[in-house]
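Colleague: I would like to learn how to read a few features of this model. Please show me the structure, then take me through them.

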Amino acid sequence: MIHSLAAQSPKRELRGVWVATVQNIDWPSARNYNSIKQREEFIDLIDSHHQTGMNAIFVQVRCAADALYAKSTEPWSAYLSGFQGQAPSPYYDPMEFMIEQSHERGMEFHAWLNLNRATMSSKTILSSDHLARRHPEWLFSYHGQLILNFGIPQVRHYIAELVKNLVKNYDVDGIHFDDYFYPYPVKGASIPDEKTYQQYKFPEESLADWRRRNVNMLIQEIAETVKSTKPKVKFGISPFGIWRHQSIDQEDGSPTRAGLQSYDDLFADTELWIRKGWVDYLAPQLYWGTTHKVAPYKALATWWNDHSFDRPIYIGHAAYHLSDLWAPSELAKQLSISRGLPKVQGAIYFSSRQVSQNTKGWRDSLRTKHFEHIALVPPMLWLDSIAPTAPHQVSLTKQKDQWILRWKEGEPSLDNDPPRYYLVYRIQKDEIEPLDKAENMIYKGSDKQIIIDSKWIKPGTGFVVTALDRLHNESVPGTIQWIVPNVVE
């Protein structure tokens, strides 16, 4: 149950959506190989999410040892052109374009990469420079796919170098990996990595512990690579929603009884990564409903909240269930539960399609109710705690029938980060903590002047401007500009 307006409309909350490109799930649409139409589709998509109230977008730019961006050593994705290794036509760099469009709308852009997959199926037609042709010894075959062998040190370094290249060459806000580490178990199939295990294991180290150590080393190397390349770029992972069952780990396990466990089945020790500070956030995929008998939503959301180790948790919500079993009220219940947990600082919806297509009216519900007011991405003070200086020369003037609020950028901040955007608040005289209220934010953007809506021109009303940097640190306010009675009259 939601108990307050603050719970309904927090000032700070990550509101994200996953845009899946694999098999053309969300973008670009299937068989749309014209890059002009691809760009038009993306603009429609990003406009839709911006209007819904989203402030972050997570776009899949590496599906299977391929790339949806130009500055990569891996071949172009077939989802762009129909053929792996073939550049978009007319030529453009999709990620550069998507970052630009996201930032224009004040949204974070996170580059989402798949870690383990080299091919989607045995029928994939590979380009001459694909990893499977260059380094077949780095891969093993499992259930019809070629999978990267994380036990090989060169493989881990290869992935870290891919990340380094991406972070160095693009203005991404974050690097994001999904839940694919060692492959999901398939009945009757075994992972053929015995030879690598014998070569690299520690004495007396079990196969499971060795696999977990490989993934741990990979995550640590990626984390160190991101921070050494651009310290203010975020690094996060979206794991499977169950770490371990309490029946297996009585001290730390979640109150779940059955089903897959990321620690034991995918060899992904997410609790270690967040405890060590290698990741800046986790976005567990809690794709079960509030009445699920084995893995109920509230119990799992509470578990992740309690095992956050002072890092934010963004809940991954199954918007795709709107296409089959769920009513919008189910997602509304989940959002209400999450907002009552202090370490849960936002939500990411899978996938873009169900939100942008307004399946069962969920987009309308977000836009008019749950996301009614602007929300800022929560800051990450361990990455950057230095706010911009306050805007200077704030003025409110009347020109003909319009009221115009203007300001100028303040002095350089201590870390010389320029403001990325500004906020304008509408406040009332004697109002307590007006800058803490989401409903008081009337503008968020990079412009340095706005026209004030006439409905807010009332005696006792004031306007305040603050500046925020790329990590969403907020300045102290500039000079308050008050509407006075004789001016209004």
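Modeller: Start with pairing: two strands pair if DSSP finds at least two bridges between them. Helices (H or I, at least four residues) and strands (E, at least two) are DSSP runs, numbered from the N terminus. Here six bridges join β11 to β12 (residues 402–408), and the two run antiparallel.

Colleague: What should I know about the source?

Modeller: This is a predicted model: local features need pLDDT of at least 70, side-chain atom pairs count only at pLDDT 80 or more, and totals for chains, interfaces and linings use all residues. Residues are numbered from 1 along each chain as its sequence is written, and side-chain values use heavy atoms, with hydrogens and water left out.

Colleague: Which residue stands opposite leucine 396?

Modeller: Leucine 405 in β12.

Colleague: What is the strand order of the open sheet of three strands?

Modeller: The order is β11-β12-β15, with antiparallel pairing. β11 (392–399) and β15 (449–452) are the edge strands, each pairing on one side only. On average, neighbouring strands are turned by 20 degrees against each other, direction ignored.

Colleague: Now helices. How are two packed helices described?

Modeller: By the angle between their axes and the distance between the axes. Axes are lines fitted to C-alpha atoms, for helices over the stretch in contact, and angles run from 0 to 180 degrees between N-to-C directions. Take α6 (residues 153–169) and α8 (residues 207–229): the angle is about 25 degrees, and the axes lie 9 Å apart. That makes α6 roughly parallel to α8. Angles under 35 degrees count as roughly parallel, over 145 as roughly antiparallel, 65 to 115 as roughly perpendicular and the rest as oblique.

Colleague: Which residues meet in α6 and α8?

Modeller: Contact means heavy atoms within 4.5 Å. Among them, Ile159, Val163 and Lys164 are on the α6 side, and Met217, Leu218 and Glu221 on the α8 side. The contact residues divide into eight nonpolar, four polar and four charged. Ala, Val, Leu, Ile, Met, Phe, Trp, Tyr, Cys and Pro count as nonpolar, Asp, Glu, Lys and Arg as charged, and the others, Gly among them, as polar.

Colleague: Where is proline 28, and what kind of peptide bond joins it to tryptophan 27?

Modeller: Proline 28 lies in the loop between β1 (14–19) and α2 (35–52). The bond is cis, with omega about -20 degrees. The bond from phenylalanine 350 to serine 351 is also cis, with omega near 0 degrees. Serine 351 sits in the loop between β10 (344–350) and α13 (352–356).

Colleague: What is the phi of asparagine 358?

Modeller: Positive, about 60 degrees, although asparagine 358 is not a glycine. Its place is the loop between α13 and α14 (362–370).
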